[in-house]
Amino acid sequence: MKIPLIWLKDYVETSQSLKDIAADFTQLGLMLDKPLDETEVLDLEQRLNRSDLLSIIGCARDLAVFENVLLKLPKGHTKPGKIIDKKDLVKIDIQTPVVRRFQTRLFKGIKIKPSPLWLTERLNAYGMESINNIVDITNFVMLEYGQPMHAQDIAKLPGMDITIRESSEGEEITTLLGTQIKLTHDTHILTSGGKPTVILGVVGGKLTGVTNMTTDIVLDAGNYDSRVVRKSSRQLKIMNETVTRDDKFLDPRLIDFALDRATSLILEYAGGEYYVNDDYYPNPVTPQTLILRLARLHALSGMDIKMSEAKKILKSLEFIVTEETESTLTVEVPYFRTDMEVEDDLISDILRMMDYNNIPLISLNTPVPTDITPHIYRFEDRLRDLLVGQGYDEHITLSLTNVNSANKEQVVLVNALTSDLNALRTNLLDGLNKVSKTYAKHKQNKTGLFEIGKVFAKSTTNYLEGRLLTVLSIDYYKSASSLSTILNSLGIFDYQITTNYEIKVEDKIIGNVKPTSYTIITDQLISLVKNYAGIISDFTRTTSLDLSLLAPLEVCYADIISTLSSLKGDWIKIDCKSFTKMDSISNNYLISIMWDADSKFIESNKVTILASLKSNLKIESKS
Amino acid sequence: MDTKIKQTQLNFSSQVEQISTPADLETLRIKYLGKKGELTLLMKDLQGLALQDKKIYGPILNELKKIIESKLTEKFTELENGKYEELDYDLTIPGPIISTGHLHPTSTIIREMNEFFRYQGFSIGEGPEIEDVEYNFRRLNLPDGHPATDLQDSLYIEEPNLLLRTHTSSVETRLLSNYEPPMRVVVPGKCYRNETTSITNSAFFYQYQGFVVDKGITMGHLKDTLTKFHQFLFGDDVKLRFRYKYYPEVSPGMGVDMECRFCHGSGCQICKYRGFIEVLGSGMIHYNTFKACGIDPEVYSGFAFGMGLDRMVMSKYGIKDIRKLYGGEIVYL
């Protein structure tokens, strides 16, 4: 919201510099959107819930209370208008529930001319061009009070009615700026004689626009369901001062103040006579009442604020005190404060006006609550440290990817803006491969990369989120060795890779391996971790049996392990010390089986082991 | 006396030159400076001298003691260093760097922040990234139709109820709904919004959220916690500005700005001539949020705060494009 200083000073007798006024607005919740320059216009950010702060008076009111100076409000024309002949009445017909109020006033015999200097000065300072006295007055009052309004030339109305309804497919309207718009079936519009004249809450049409020839006008101000305005504006890609205000929650009572002010300015600067016309207002608003408890004010602020102080602030913000006790204050919320929901919002206003910088600091002194950090969080942090220690760099890649129609488990987004980011990833490897390619392009030769993060899938009944660690290395050896090292550091000395390339620990599948990468399901791994394993205080002796095996090509190490496991030997562990491709018919594995030194059965074991390998896998002993 | 002193000095000088091991050096030290050492005995002899002679020989002996001590130290260092002269490498060459990996900048900053809050008794909270509007909006005092819940701003899995969480506040409502107070929690996490990617905006970003719920929690506690947090991150001289700011899920709401560390408040390009940089949003947890999560707001009160992490990560690491941060275009030195 732009606030020209010259306009602001019409209502607030502030003696502060522009910079200090900006600082005060900042404390009130309206920070500068753009830095100050020589134009003496404050460009303040908009607040989502305070429709009154989209008006100069609304901003002036807050500033006046904060600076503790007087607020001067303009006087509107409150005398009722004349009664018009029935035949000259513009009939109002509302055919949709999205209109809460629609008030119209008629002006006859007005003279269109340039606006007075003071008015054009203010509009220009705001950044709006002056057009003529009537259009300028509607714009001026909209900015002053925050209530959009329209003037239509009665002579140009196709019928003696204003009807509000949903548009039909294909209806057309040319806006005041000359843009031709073809409407779809669900835009809310004002029509006259069946023809669209205004897009509700968005923009007026050229057909009934005020020109230099105009003598009679119908002035309207409406209050609509903001969702409808927002929808039309987005659909038609029209954003303007009217939309900015109509898509906020305005109070229907604001219409009286705004139209009274406009009436007074029209009569003063365009002359003519004012006649009442229809005021559609089926459910008048009942003022909202809130109760402030002094105890709650103290409890939330941590300050000992006196009731008199709280009362003074609320009264100056135009809350009406309807009841008062030693510990409570019942107030009626002013019509322009549509943001007020609960008692705490009153507290918010009181503290805001007392300046947040004056709230004292208080140390958290309550007992420390029970820790609810999930174990997996710490565990994944530990995995990060272990991998960083191995020389791997962590990456975080996008969780969004493109749709892969072959992947039926993929979670697809219904409204993504781009087709390359319209689904959720199902693995981490794709992202890491991309990084790896970028590295290769820039000749960055790194040990490897890893990511710890979530992947997503859908099942028939719900959506699943899985936690993975994927490690990508520069070659197979680094990858295999990284996996062994990680598991070893976690106290897991024995694991197998199955023939499906899954990582198996104690009969549990915890992930899988690929030629240069491996993936671990972190919440599967966590239950297998031995936190204090890996340290010996008694040095035990071991003895081992080395076997050189010639295995047919179709046999892999996982098969050997699986056969040996079925023997249920009492060895401590089995290692593969080397692997060599011998010729076109066999591979050579050198494996080492380790026993406790006290074990006396190595030789007999050897016979059983070799016999079993030969009968199950056609493996020959080389030695 | 004169002769004795000179002789002792001469003897020591020639003997110390011949020493070749630290053990011999120690023997020599005892020979001269030990309880019955030669110099010690000479000093004892002083006592039998006339006052006049004492005044002459006292300082001379003290001087000699200093010479012997410094010579012994010199010889000791020489022997120690000599040990390395025969090595087949040069100890004075700086070594190559052992290649370790690196945490992602975002992980590093999250750890730094977690470290502060862990010591203040906060837990770390987690929640789903595919979220229900109930937790992402409704329980945060954002009823259906509120501008912030606009379908076009969020990424939906199933309209209108299932989306990718738009903030970490959804974890707050989940935890408030599932645990009993008191609670102190921080939530670092990924969030999503329906936006085309640019230098500063990404459909995917990180937030850091925190909240405290207990009996008697006030705005004063919130201000104090955030002040200490920023002192931890930026140093004790950090200057914060607390101001009113509207957020639907809190009331009263509070914005926090930090004085620009480049211009110290006078206004520059970095702070867009504001003198301050917005760092986070916060406030007292909304009455309606407490009720929606099944906590009695008449018994408990609490504060919450949240901030975007990426901007802080980028400024700390000097990364100018958010796409590089999560696109793998960062190279660790």
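**View 1. Strands E14 and E16 of chain A, side by side.** In this predicted model, where local features need pLDDT of at least 70, side-chain atom pairs count only at pLDDT 80 or more, and totals for chains, interfaces and linings use all residues, 5 bridges link E14(A) antiparallel to strand E16 (residues 328–332) of chain A. Strands (E, at least two residues) and helices (H or I, at least four) are DSSP runs numbered from the N terminus, and two strands pair if DSSP finds at least two bridges between them. Look for A:Leu292, whose bridge partner in E16(A) is A:Leu329. Residues are numbered from 1 along each chain as its sequence is written, and chains are lettered from A and ligands numbered from 1 in the order in which they are written.

View 2. The antiparallel sheet has 3 strands in the order E14-E16-E15 (chain A). Its edge strands, each pairing on one side only, are E14 (289–293) and E15 (320–324) of chain A. Helix H10 (residues 307–316) of chain A packs on the sheet and touches E14, E15 and E16 of chain A; contact means C-beta atoms, placed from the backbone, within 7 Å. The direction of H10 makes about 5° with that of E16(A), with axes fitted to C-alpha atoms, for helices over the stretch in contact, and angles running from 0 to 180 degrees between N-to-C directions.

**View 3. Around A:Ala262.** Not counting residues up to four places away in sequence, A:Ala262 touches A:Ile137, A:Thr138, A:Val141, A:Met149 and A:Leu219.

**View 4. The two domains of chain B.** Domain 1 covers 2–85 and domain 2 covers 105–325, with bounds from an automatic or database domain assignment. Their C-alpha centres lie 72 Å apart.

Terms used. Contact = placed C-beta atoms within 7 Å.
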